[in-house]
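Here is a short briefing for a first look. Please keep the sequence and the model open while you read.

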Amino acid sequence: MTPLNLEPNFREAGKRYFNAYTPGDDFYESLINTHRDLSDEQSELLNARLILILANHIGDIGVLREALTIAREGV
Amino acid sequence: MLKTYTYPKFEYTPPPELASGKTLRVPAIVVGAGPVGLGAALDLQLQEIPVLILDEDDTVSIGSRGVCYAKRALEILDRYRVGDPVCDKGVSWNVGRTFFRDQEVYNFNLVPEADHHRPGMVNLQQYYLEEYMVDKADKTPHIDIRWKNKVVSVTQGEKTVTLKVETPDGFYTVETDWLVVADGARSPIRHMMGLEIEGKIFMDRFLIADVVMAADFPAERWFWFDPPFHPGQSVLLHKQADNVFRIDFQLGWDADPEEERKPEKVIPRIKAMLGDDREFELEWVSIYTFQCRRMGSFRHGRVMFVGDAAHQVSPFGARGANSGLQDTDNLGWKLKLVMDGKAPDALLDTYSAERTFAADENIMNSTRSTDFITPKSKASKTFRNAVLGLAKDHAFGRALVNSGRLSVPAFLTESALNSADADAFAGRMVPGAPMDDAPVIENGDDGWLLDKVGNQFFALYFADDPNTLDGKTIDALSNLSFGNIPVQPLVISKNPGTVPGGIPNIEDPRGVASQRYDAKHGTVYLLRPDQHVAARWRALDPAKVKAAVARATCNA
Ligand SMILES: Cc1cc2nc3c(=O)[nH]c(=O)nc-3n(C[C@H](O)[C@H](O)[C@H](O)COP(=O)(O)OP(=O)(O)OC[C@H]3O[C@@H](n4cnc5c(N)ncnc54)[C@H](O)[C@@H]3O)c2cc1C
């Protein structure tokens with residue numbers, strides 16, 4: 001099983017980066033843009049859908065449990 | 001008045017044209033003696049173009065403006081021979097601390113990357129930068145600065161741009177072949193010419209305070225998100241020269257600028273931040289709003305826009321003056337080739353193409369920082385706070401914290417002036433890349449690669465041993481300097497020695513340059529006058545160099 005990766009890990013196929021911060025900032029911008037013009041309730045729903053989609057993609061429930069624990073710790 | 005700085009007053013002399021009534025004609029005029037106009041003049045002068053600068057004022061930048069000058073700007077200033085005073089007076093900082101509410105979430109130490117002449121950035125009040133640039137310009141023949149000369153109208157004909165200039169003693173007219181517009185964000189000339197600039201204003205206000213503090217306060221950059229002393233907003237503190245500290249308070253859109261500027265409002269804010277017992281004095285206070293926008297094209301016929309006149313960004317990440325100096329870096333050599341008839345007029349369109357590409361990158365990065373620092377919706381704020389929470393324990397969270405990304409030059413990878421790689425190379429020195437520096441030795445003296453190239457095209461030839469270069473290579477290298485657009489050969493070698501035939505030679509004693517440029521014996525880089533890579537090969541082929549020079553000058 002691949003352990004939960006908590007190191008910077010964003011990248012995009014076909015893209016070449018000259019600055020380490022660029023891929024993370026690319027992702028973050030897309031994330032915030034996806035929420036543009038939504039009400040708070042709609043944003044919550046979007047987040048829930050997103051988590052479910054990504055969780056299914058990861059699939060490995062061991063990894064997901066680890067992520068769930070870390071996410072919960074900070075709340 | 002500032003307590004640590006006395007503004008110089010530059011001398012106004014009535015222009016001779018006022019008395020003579022004659023119309024002066026010059027090859028190039030720069031309007032605006034801010035950092036970018038001065039940079040433009042110094043660049044043109046290095047190209048042996050005499051320059052007239054017109055500025056409506058007679059001193060340097062007033063109050064709190066630019067602070068951070070990043071590595072590429074410092075390297076350009078080195079080429080203009082003003083890098084030393086800026087770096088000597090400027091403050092270097094390495095430690096940055098990020099706070100969220102009442103806790104430090106993490107800190108970083110930006111140890112400057114070894115084997116570069118200049119650090120990632122230095123902090124210095126903008127008026128010092130301008131003072132040093134004016135000083136340099138004054139000592140430079142063929143730069144004539146006219147203070148208290150305000151441009152009030154601009155008319156463009158096919159071969160001439162005509163300016164009407166207002167002075168304390170009346171008006172006069174001057175004609176020029178080329179006009180460089182560096183008249184700042186409000187750009188009166190942009191308005192006179194009826195040109196648009198598009199983008200957005202950030203609906204936020206910032207209180208910018210410069211304060212003088214006791215010397216023991218650390219030279220670090222501190223950034224607070226939602227601190228107890230200024231809830232819900234952000235605060236930035238960093239050090240400039242003379243123990244002056246810059247403090248930026250985010251105020252929100254509804255703040256009343258007149259009210260917030262008052263010392264009785266500002267001092268308690270700063271006290272709450274520093275703790276009550278620390279002594280400080282207010283040096284300057286202002287309220288700003290910021291915008292991110294640029295002109296569609298930076299070129300309009302014989303008129304070139306540079307600096308804030310052409311593009312503006314929010315100051316998170318310090319891209320204003322830094323990117324303006326990259327404009328002048330890009331423009332000078334192109335203007336010279338076109339003026340001399342050695343390149344078609346289309347070369348000047350690539351000034352706009354390359355610099356709008358860079359401006360878009362700058363606008364993107366500073367917009368991203370602004371959106372992170374001042375989230376515009378509840379969802380955005382929740383994500384921001386989640387990132388800050390995760391940053392304390394997890395590297396990926398730290399990488400996402402965006403309190404302003406350091407200004408770095410654009411890699412002009414899309415430029416039509418590049419010749420694509422035909423040979424395989426690793427590393428970042430791709431065609432269009434701004435050159436990486438490296439330590440070198442010339443005639444036994446330690447120096448830097450970037451000080452050895454620039455202002456004209458160079459062919460940088462990597463060799464193991466300069467003494468044993470074969471005659472054919474030596475002839476081919478020498479002949480490069482005889483073209484219509486000369487290419488100066490420069491051999492860089494692992495071993496010390498001398499290249500037969502008088503071709504200049506530098507050493508790469510520890511192989512840093514070879515490593516950064518992924519070079520082997522025989523590798524050649526064609527370098528532009530603005531220290532960008534134009535093309536590179538694993539072996540020298542004069543025909544290919546010639547073709548790449550043609551391409552890099554729109555002569556292909
Ligand atoms: C709070 C703040 C922080 C900043 N921090 C940074 C930073 O850390 N790093 C950075 O790189 N940048 C920073 N900037 C941006 C930086 O100050 C500007 O990008 C820079 O001054 C632009 O230089 P310029 O020469 O294009 O224009 P300006 O400096 O605005 O100069 C324009 C000149 O044109 C002259 N002029 C105007 N109209 C006329 C006319 N009609 N005739 C003749 N002359 C005229 C003016 O007198 C002036 O001298 C900051 C800005 C602010 C406000």
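Buried means under 20% relative accessible area, exposed means over 50%, and partly exposed lies in between, with a 1.4 Å probe and protein chains only. By that scale Asp445(B) is exposed, because its relative accessible area is 52%. This is a predicted model, where local features need pLDDT of at least 70, side-chain atom pairs count only at pLDDT 80 or more, and totals for chains, interfaces and linings use all residues. Residues are numbered from 1 along each chain as its sequence is written, chains are lettered from A and ligands numbered from 1 in the order in which they are written, and side-chain values use heavy atoms, leaving out hydrogens and water.

**Chain A**

- Chain A has 3 helices and 0 strands; helices (H or I, at least four residues) and strands (E, at least two) are DSSP runs, numbered from the N terminus.
- Along the sequence, its pattern reads α-α-α.
- The radius of gyration of chain A is 15 Å, while a compact globule of 75 residues would have one near 11 Å. This radius is taken over C-alpha atoms, and the globule rule is 2.2 Å times the number of residues to the power 0.38.
- Along the principal axes, the C-alpha atoms of chain A fill a box of roughly 40 × 35 × 25 Å.
- Of the 75 residues in chain A, 23% are buried.
- Chain A exposes about 5,900 Å², and carbon and sulfur atoms supply 57% of that area. Areas come from the Shrake-Rupley method with a 1.4 Å probe; for residues, only the protein chains shown count as cover.

**Chain B: domains**

- Chain B is divided into domain 1 (16-89 + 121-195 + 292-365), domain 2 (370-400) and domain 3 (439-552). The bounds come from an automatic or database domain assignment.
- Taken over C-alpha atoms, the centres of domain 1 and domain 2 of chain B are 38 Å apart.

- Helix α10 (residues 346-373) of chain B has 28 residues and should span 40 Å at 1.5 Å a residue; its end C-alpha atoms are 41 Å apart, which agrees. The expected span is 1.5 Å times one less than the number of residues.
- α10(B) is mostly covered, with 20 of its 28 residues buried.
- Buried residues in α11(B) include Phe383(B), Val387(B) and Leu388(B).
- Asp445(B) lies in strand β22 (residues 445-448) of chain B.
- Asp445(B) and Asn243(B) are 202 residues apart in sequence and 35 Å apart in space, C-alpha to C-alpha.
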